[in-house]
Amino acid sequence: MPVPVTALLLGLALAACGLPLPWSALSALPLAAILAFTARADTPRQAAGRLFWAGFGYMGLHLWWLGAFLVDLLFGMVPFGALAGLLFALEGAFLAGMALIATRLTPSPTGRVWTLAGGWVLLEWLRFLGPLAFPWPTLGYTLLPTPAIQIADLGGVLLGSVLVAFTAAALGQAWLERQQGRASWRPVVLAALAWGGALGYGLTRLPGEGPEQPMRVLRMAFAAFDRASGTLTADEQFRVQRQASLNRPPGSVVVWSETALTFAGPPAPVTAFPGPGISGAGVYANVSPAYNAVISLDASGRVMSRNDKAKLVPFGEEFPFQTVLGPIYRLILTPLGFAIPDTVPNRDLGPLSLGGVAYGTYVCYDSVFPWVARTLANRGAQVLVNPSNDGWYKGWGVQQHFQMGRVRAIETRRWLVRSVNLGVAGAVNDLGQPVQTVSTGQEVQVLDVRPRLLSGTTVFMQVGDLPALGLALLMVLYGWRRRVAWL
């Protein structure tokens, strides 16, 4: 079988473990095969080629829904779905670059599996940074079907990635040494002990205790493009959501989804709003400056506080490197009827206060970035609230987004409440376990949830990704020390 085809198939196998399915915890097995296959390349350049094709297959299956989204966005023109392949190729190129460096550092195949494993985790960390940040495919999320995911409160989702990558490297080394007629099972034993520790830690975690806050959460099924284009008017949406919010339990706070309220300028009082409540707020029209925020409103509809989106979607809400690429963006967007938005990301995150409760609110894509929920929890948020619009996603994209939100609850040990348009709405407890959720159904569905208000801190809240980064660097160092062939 040609080398690129083998690498592509291995990447597809890893992607199959990246889907929100029970077998995802087996992700270390295909990753071990990828690391060993790459490590056996004759030259660093060949290793880079192998990891490029593995990465292309991995991203292509994991993010297949992105192509379907582009077809919908660009007026149903199917060929434009192939533009997603540019992203898959870019991500594959990043992995190839990492492989080039890792294999040059370490000529030994058994050392390479470790430098590649550590480099993989470091590259995942880099995907959380910068204007092109897109950390969707992160290995740590594959631990969600197991209690081991609870280690996220110690080092975030990246600590889960370390566990997967360490296991894969241990298996890869054992396989490579076995091919040479010798095998050291010590790394495999260490990996088994690490898994035992992670599982034991997870099984001993207990839900936090705190007062309950009744909340009514809405899940809407409005067509995302009808909302964005104005075909479905703001008044029509408001009437449906308002009716669903009435006659709720005493003391209940209503939660509406992303941009459930739209304004022609800054958020203003909404006298008909069935407050007290929390709602996504924003604009679809050509208003400057544009914004996408969450606001809290009291019983009279007065706006009490506001939190703008912290991480804007690349090439959707912001266009990176505009000073250089601005003319190219306008050349492409203007014929399609789009303009470059002037949305500004929130640089001063803080909880919204309503009725004496601190709500850690963040918008849709913010949930993919652990630092957003971590910042809010560190500033006193007692419960996380994530208004979202998942109508843009197709297939597994909806569930993947929800799974990431579950890990934010674990990292901060806070309950998470989600109100969405076309996605998964409901409540997740501080162990990341769905308590009440709904993901399909009619135009409007209502959930009355009772999340607990929690305080306190976690190791992750205090030190962030440092434990994961330190362990990833140790894997790289261990691999480099094995740079003599078969040492």
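**A loop residue and its surroundings**

Tutor: Start with Cys364, which counts as buried because its relative accessibility is 5%, and the cut-off for buried is under 20%. Keep in mind that this is a predicted model. Cys364 sits in the loop between strand E8 (357-361) and helix H12 (370-378). Now look at its backbone. Phi of Cys364 is positive, about 40 degrees, although the residue is not a glycine.

Thr259 also deserves a look. Its phi is near 50 degrees, a positive value in a residue other than glycine. Thr259 lies in the loop between strand E2 (253-255) and E3. Thr259 is buried too, with a relative accessible area of 5%.

Move on to the next loop, between strand E3 (261-262) and strand E4 (277-282). Pro276 lies there. The peptide bond from Gly275 to Pro276 is cis, and omega is near 5 degrees.

Side chains of opposite charge can pair when their charged atoms come close. Which residue pairs with Arg418 in a salt bridge? The partner is Asp390, and the closest N and O atoms are 3.4 Å apart. Asp390 lies in the loop between strand E9 (383-389) and helix H13 (396-412), while Arg418 is in strand E10 (residues 416-421), so the pair ties together parts 28 residues apart in sequence. Check the exposure of both ends. Arg418 is buried at a relative accessible area of 1%. Asp390 is buried at 0%.

The structure holds 10 salt bridges. Another one joins Arg127 and Glu91, with the closest N and O atoms 2.9 Å apart. Arg127 sits in the loop between helix H6 (109-126) and helix H7 (152-179), and Glu91 is in helix H5 (residues 84-105), so this pair ties together parts that are 36 residues apart in sequence. Arg127 counts as buried, at 7% relative accessibility. Glu91 counts as buried as well, at 4%.

Now a pair between strands. Asp448 forms a salt bridge with Arg216, and their closest N and O atoms are 2.9 Å apart. This pair links distant parts of the chain: Asp448 is in strand E13 (residues 444-449) and Arg216 in strand E1 (residues 215-220), 232 residues apart. Here the two ends have separate labels. Asp448 is partly exposed, with a relative accessible area of 32%. Arg216 is buried, at 7%. Salt bridges can also form a network, as they do among Glu212, Arg450 and Arg452.

Go back to the helices on either side of the Arg127 loop. Two packed helices are described by the angle between their axes and the distance between the axes. For H6 and H7 the angle is about 165 degrees, and the axes are 9 Å apart. That makes H6 roughly antiparallel to H7, because angles over 145 degrees get that label. The crossing of H6 past H7 is right-handed.

Which residues meet there? From H6 they include Val113, Trp114, Ala117 and Val121. From H7 they include Leu158, Val162, Ala165, Phe166 and Ala169. By class, this contact of H6 with H7 has 13 nonpolar, 4 polar and 2 charged residues. Among the residues in contact are Glu124 in H6 and Glu177 in H7.

How values were computed: Residues are numbered from 1 along each chain as its sequence is written. This is a predicted model: local features need pLDDT of at least 70, side-chain atom pairs count only at pLDDT 80 or more; totals for chains, interfaces and linings use all residues. Side-chain values use heavy atoms; hydrogens and water are left out. A salt bridge is a side-chain nitrogen of Lys or Arg within 4 Å of a carboxyl oxygen of Asp or Glu. Helices (H or I, at least four residues) and strands (E, at least two) are DSSP runs, numbered from the N terminus. Buried means under 20% relative accessible area, exposed over 50%, partly exposed in between (1.4 Å probe, protein chains only). Axes are lines fitted to C-alpha atoms, for helices over the stretch in contact, and angles run from 0 to 180 degrees between N-to-C directions. Angles under 35 degrees count as roughly parallel, over 145 as roughly antiparallel, 65 to 115 as roughly perpendicular and the rest as oblique. A crossing is left-handed if the near helix is turned anticlockwise from the far one by less than a right angle, and right-handed if clockwise. Contact means heavy atoms within 4.5 Å. Ala, Val, Leu, Ile, Met, Phe, Trp, Tyr, Cys and Pro count as nonpolar, Asp, Glu, Lys and Arg as charged, and the others, Gly among them, as polar.
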